[in-house]
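Welcome, and thanks for taking a look. Please have the structure open while you read this short briefing.

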Amino acid sequence: MQRRHFLAAAAGAFAPRSSYAAQGDIRVFLNEPIGTVSPWLHGHFLEHLGGVIYDGVWVGEGSKIANIRGVRKALVDAMKTLGPTVVRYPGGCFADSYDWRDGVGPSNTRPRKNNFWANSGILRKLPDSHVSRSDPNSFGTNEFLRFCKLIQAEPYLAANVRSLPARDFYDWVEYCNSPKGSGTLAEKRAAWGDPEPWNVRFWGVGNESWGCGGNLTPEEYSVEFRKFVSWTPNYGQPLSMIAAGPNGADYNWSRGFFQQMARKSPGMLNRVWGWGLHYYCGRTGKGDSIDFTVQDFYELLERANRMEPLIRQHWDVMGETDREHRVKLAIDEWGAWHHDTTAVAPHHLFGSVPTMRDALIAGLTLDTFHRHADKVAMANVAQLVNCIQTLFLADGDRFCVTPTYHVFDMYKDHHNGQAVRSEFAAPRIDYAVEGKGQSLVRLAGSASRNGSVVTLSAVNLSHNETLETSVSLHGAKARSANATVLAGASMQAHNTFAAPATVKPAGLQVSVSGDGLRLTMPAASVVKLRVEVG
Ligand code: AHR
């Protein structure tokens, strides 16, 4: 069997799908809770970058494109179906170049500003005045907070630490949260359309402060962080501060920050709500989002699975100082990041057309977060629209959802459930990277329980083999079940503006017997089961 897998992998991108079925075994332990699956684990991220804001979110109030006070209506409608969650804004690296005052007030008085990303990649080919290079600031704090309200999401604002002092951060908090009539900033907020305070709870203190956020050392960053979060006026809304955490496996950044904070005083870590790990699994092969080989496919899934050891190891490092684990992880940037060779518009910096491969990465990653619901309090996929692991593609009046969107939609049944321990067993997949044998798990997933409903999600990582899977529940009996599957004609399957429903969820047969469930998972698929238990 191993030889057979190896040959399939070596055959290249369009190897025929075989009907061979391996065996998978899933065990769900309903009496072994892990933690609540917060809807914030399925959070999002918007940055003033490429086509994210202008094109993706903001079309303008006078636009012929259907909009709600300037925000693309199709996006609002699609986001509403995903259920309440959290959205991070305005960056990313952009946040540490941004003065929030540029994005408030009458739009004709807002300054045009050279965007942080203006001279990056494909944007260099565009005129200096292009909206992605010269930001008109039409979308700012009020517009973002209205968008969050429309989709019932918690806003998460990232403050500028590199190029503005703490005072500007305090003013931003005052502008957003101070009571009506309590001061000039509250009066300005009212004059500009929003009299009631927004009560923003989540605040990021800088972004990637080890890099674009200032090239600081963890020691230097801990000083900045303390200045920003000490005696921050809160106007009756407790603030949850998210510190700029490590880049992938940089354990020295985690250790250095936590040690410095505790060295100042043992209670100092109480001021940190979330520790913002960033991990991009990146790209493989030539980096194209659609044109990839079997080898590229498995390599990228393997890299996506590195999220799990990153969570465990940063958690252990945090625990060296924060023994009670008061601080949780906020993985506020993650995703597969292909080259922009398939971007749907010339200004969609870091944009590409995602395929079923990206859907599998989304499933693997969200399942990892569920399995660590005791450690991860928030996670934000990068980014919501027209960028990196995007959920949507938008260009002018054209709009479609990606396979990653469908995974978020299927997985919303986990929201507010109790994640429970589960085991996923199947023969490993053998593949080769430059002639060197590698292996990868074939089956992964997560389970949660909410009252009499168990939600189980799972990914079959094989590019061409179905998986005959049995599921046993320990702690309750299955009464009935239904299953939904996301699979394409190939692992390269994707949606386009012309064919927006090429990849979409479908029903999947599942049989229920006294001791469990049986189903056949198609190759390269994401499956969700909803099981009534009694
Ligand atoms: O998401 C794109 C960029 O990736 C963000 O601005 C930055 O934080 C990260 O490096």
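Predicted model: local features only at pLDDT ≥ 70, side-chain atom pairs only at ≥ 80, totals over all residues.

**Ligand site**
- The ligand is surrounded by 13 residues, and the closest of them are Glu47, Cys93, Glu208, Tyr280 and Glu333.
- Glu47 places a polar side-chain atom 2.7 Å from an oxygen atom of the ligand.
- For Glu208, a polar side-chain atom lies 2.8 Å from an oxygen atom of the ligand, and for Glu333 the distance from such an atom to a ligand oxygen is 2.7 Å.
- On its own the ligand has 280 Å² of accessible area, and the protein covers 93% of that.
- By class, the shell around the ligand has seven nonpolar, three polar and three charged residues.

**Largest pocket**
- The largest pocket holds about 290 Å³ of space.
- Its lining has 17 residues, with Glu308, Arg371, Val441, Leu443 and Ala444 nearest the centre.
- Strand 16 (418-425) and strand 19 (443-450) are the elements that give two or more residues to this lining, and strand 16 gives the most, with four.
- Seven nonpolar, three polar and seven charged residues make up the lining of the largest pocket.

**Second largest pocket**
- About 250 Å³ of space lies in the second largest pocket.
- Of the 15 residues lining the second largest pocket, Leu145, Arg146, Lys149, Pro197 and Trp198 are the closest to its centre.
- Helix 3 (141-150) and strand 8 (154-159) each supply at least two lining residues here, and helix 3 has the largest share, five residues.
- The lining of the second largest pocket divides into seven nonpolar, two polar and six charged residues.

Definitions and conventions: Residues numbered from 1 in each chain as written. Heavy atoms only, no water. Near = heavy atom within 4 Å. Polar contact = N/O pair within 3.5 Å; in protein donor to acceptor, adjacent residues only side chain to side chain. Areas by Shrake-Rupley, 256 points an atom, 1.4 Å probe, with all protein chains shown as cover. Nonpolar A, V, L, I, M, F, W, Y, C, P; charged D, E, K, R; others polar. 1 Å grid on protein atoms, 1.4 Å probe; cavity = no way out; pocket = protein on both sides within 12 Å on 5 of 7 lines; lining within 4 Å. Points joined across faces, edges and corners; volume = space filled by probe spheres on them.
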